[in-house]
Amino acid sequence: MKKIFINTVIIAALLVAADLMVGLVAKKLITNLPDSTILESDIVQSMQNKQADILILGSSKAKHSFVPQLFTDSLHLSAYNAGCDGHDVIYASLVLESWLERCQPKIVVLGLWNSMLDGSWRANSVNDCKTLYGINQPYTQWVDTQEPLTTRIKMTSNIYRFNSSMVWLMKSYRNGDQHSDGYSPLFEVPKKMTDTPFEGFKPDEVEVAQLKHIIALCREKGIKLYMALAPDHEIDAAMRRWVADFCKSEGVWFRDYTFEKSVYPEITNFSDAGHLSDKGAQIFTRIFISDMRKQ
């Protein structure tokens, strides 16, 4: 019995030591992470490092629709696209909060889509940022106050948080510092395109609360907020109506470019039904900036 107890203590001590070692190494790597184009690296850069006069938020639709260099050329302000594939309004809110801890953008552009608002991507905002628990204050506070107890317990383990991070960390260091502005152009063009209708949109209460939080933060800090739906072949009529009504009630600048005639339906302006090609993004960004300047 005594031997079993001693062995158990030794194993526990080794696990604690291993957990601490993993945490020290991983945190060091993340703190000095180069600016790569890998998704996880983009998350770290958006949450921890980047600064600019114009902050672009959203999912992959924003990532592939808004060209930061065009904002800089036209408005003479630095710009960064923090759009992230498969991430919701909660993530956008956490990015904005993180930025406000190190700088204050003059303009925030928020590109919306249904999955950002219906709660279906909420888990991504927690899982994909878990390496920043204990490092990034807004994310840590969100987990500690909004997530279930089981999640909070798991987050105390470095091994849990970093168990799948070493591969992308090594890739980021191998790729080197690319000084990205966050925009990810798409160059493939489909041979044919048809509209894909969506039905049954229902906004999630937590997502809506975070959308209101973004609006409140921008008003409090004197940041100009612009919200938009980019040109699209994925047509969600209910979501389009809801966003338009919401922005009107909140007094927020909003434009619906779903059927923007300069972009839609020309097939070469799209990479797939839901994302613009680089050609389409260049056209759309110029139109968007022109509308901003008319305000």
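Predicted model: local features only at pLDDT ≥ 70, side-chain atom pairs only at ≥ 80, totals over all residues.
Residues are numbered from 1 along each chain as its sequence is written, and side-chain values use heavy atoms, with hydrogens and water left out.

Next I looked up the partner of Glu147. Its side chain meets that of Arg122 in a salt bridge, 3.3 Å from N to O (the rule: a side-chain nitrogen of Lys or Arg within 4 Å of a carboxyl oxygen of Asp or Glu). Glu147 sits in the loop between helix H8 (137-146) and helix H9 (149-155) and Arg122 in helix H7 (residues 122-127), so the pair ties together parts 25 residues apart in sequence. Helices (H or I, at least four residues) and strands (E, at least two) are DSSP runs, numbered from the N terminus. Arg122 is partly exposed, at 24%.

I then checked the total, and the count comes to 9 salt bridges. One of them joins Lys61 and Asp232, with the closest N and O atoms 2.9 Å apart. Lys61 lies in helix H3 (residues 60-63) and Asp232 in the loop between strand E5 (224-229) and strand E6 (234-236), so this pair links parts 171 residues apart in sequence. Both Lys61 and Asp232 are buried.

Terms used: Buried < 20%, exposed > 50% of the residue type's maximum accessible area, 1.4 Å probe, protein only.
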